[in-house]
Amino acid sequence: MPSRPLRFIHTSDVHLDSTSSRGDVEGFRNAAEYAFAQVVDAVTNAACDLFLIVGDLFDSARIKEHDFEFVRAQLSKIDCPVVLIPGNHDVHDDTSVWRKFDPVDLGSHVYPIMEHEGDLLEFPDLSTTIWARAMDEHSPSYEPLLGIPNIDRDNWFVGMAHGQVVHKRVNGSSSQITHAEIETSGFDYLALGHVHVWDTFEFGDVIACYSGSPVEAFASSHGGYYAHVELDPERGVTVTKNRLQSKVGHPQVTHGVFF
């Protein structure tokens, strides 16, 4: 068990430049930009150790340079490591937005996981290891938690996965994550993306959470949230559901869940 606590914010499914979010909002080009800027402000205000973006940051490979530049400008405000993975809308295939624009150009503090077989990131100063597997195709053959390695348990172990949590794998459904896979993963926390509404799970010793989309329009009244997570050697895992507000930088704490 690590001796230091870890604090981070987890978001997903921003879908920047989605046609369904068009129209100026509070000086931003669209609702997705406005929501993402609020989450970035929350990261800086909370003095987070990490910021996790769990897929579908972009809505498609058709985004323009100004969309990418917007993300770079926002992430430049953050002074902690940022870890991001592709989702099914910004999937890492031959025509990916991540081949059109190099994620490394988002900043030296940004750590994209683009390996299809999975990759480990070590943050020794944070006593933290992060694992994720980049999506190469949103299909039944893609298993987001396939190939999780065994690691040094002196570190916090955090996973990131974009897909659908199911009790058992169902034929024909894409990017499935089973309850048993979560339970045996070894993660202290699994940051989930793909589902636009908030949800939390506890399987064995593993806490998993869909932060939902921070863009309320993408999930009616059930959207507009992000997850604030604390891993503490004494208190365990605390996941707080935070709803974005109309004024940038002033999120409302809805409730915290202790595990």
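## Charged patch, enclosed strands and salt bridges

Glu115, Glu117, Asp119, Asp136 and Glu137 gather in a patch of negative charge on the surface. Patches are made of residues with over 30% relative accessible area and no salt bridge, with like charges joined within 9 Å and nonpolar side chains (Val, Leu, Ile, Met, Phe, Trp, Tyr) within 5 Å. Asp and Glu count as negative and Lys and Arg as positive, while His and the chain ends are not counted. The place of a charge is taken as NZ of Lys, CZ of Arg, CG of Asp or CD of Glu. Accessible areas come from the Shrake-Rupley method with a 1.4 Å probe, and for residues only the protein chains shown count as cover.

The model is predicted: local features need pLDDT of at least 70, side-chain atom pairs count only at pLDDT 80 or more, and totals for chains, interfaces and linings use all residues. Residues are numbered from 1 along each chain as its sequence is written, and side-chain values use heavy atoms, with hydrogens and water left out.

Helices (H or I, at least four residues) and strands (E, at least two) are DSSP runs, numbered from the N terminus. Aspartate 136 is partly exposed, at a relative accessible area of 31%. Buried means under 20% relative accessible area, exposed over 50%, and partly exposed in between (1.4 Å probe, protein chains only). Proline 149 also lies in the loop between E8 and E9. Proline 149 is partly exposed, with 25% relative accessibility. Its C-alpha atom is separated by 9.2 Å from that of aspartate 119, 30 residues apart along the chain.

Strand E12 (residues 189-193) has five of its five residues buried, so it is largely enclosed by the rest of the structure. Both faces are covered. Tyr189, Ala191 and Gly193 are buried on one side, and Leu190 and Leu192 on the other. E12 pairs with strand E9 (residues 156-162) in the parallel sense, over five bridges. Two strands pair if DSSP finds at least two bridges between them. Methionine 160 stands opposite alanine 191 of E12. E12 also runs parallel to strand E14 (residues 206-210), to which four bridges join it. Here tyrosine 189 has isoleucine 207 of E14 as its bridge partner.

E14 is likewise covered. Five of its five residues are buried, so E14 is largely enclosed by the rest of the structure. Val206, Ala208 and Tyr210 are buried on one side of E14, with Ile207 and Cys209 buried on the other. Strand E13 (residues 199-203) pairs with E14 in the antiparallel sense, over five bridges. Phenylalanine 201 has alanine 208 of E14 as its bridge partner. E13 and E14 form a hairpin with two residues between them. Glycine 204, in the turn, has a positive phi of about 65 degrees.

A hairpin of three residues joins E15 to E16. Strand E15 (residues 225-232) and E16 run antiparallel, and eight bridges join them. Alanine 227 stands opposite lysine 241 in E16. Strand E16 (residues 236-243) is mostly covered, with seven of its eight residues buried.

Side chains of opposite charge can pair when their charged atoms come close. The structure holds seven salt bridges. A salt bridge is a side-chain nitrogen of Lys or Arg within 4 Å of a carboxyl oxygen of Asp or Glu.

Aspartate 49 forms a salt bridge with arginine 4, with the closest N and O atoms 3.8 Å apart. Aspartate 49 lies in the loop between helix H1 (31-45) and strand E4 (50-54), and arginine 4 in the segment before strand E1 (6-11), so the pair ties together parts that are 45 residues apart in sequence. Aspartate 49 is buried, at 16% relative accessibility. Arginine 4 is partly exposed, at 24%.

Glutamate 230 and arginine 7 meet in a salt bridge through their side chains (4.0 Å, N to O). Glutamate 230 lies in strand E15 and arginine 7 in strand E1, so this pair ties together parts that are 223 residues apart in sequence. Glutamate 230 is partly exposed, with a relative accessible area of 24%.

The side chains of glutamate 181 and arginine 169 form a salt bridge (3.0 Å, N to O). Glutamate 181 lies in helix H4 (residues 179-183) and arginine 169 in the loop between strand E10 (164-166) and strand E11 (176-178), so the pair ties together parts that are 12 residues apart in sequence. Salt bridges that share partners also join Arg7, Glu230 and Arg235 into one network.
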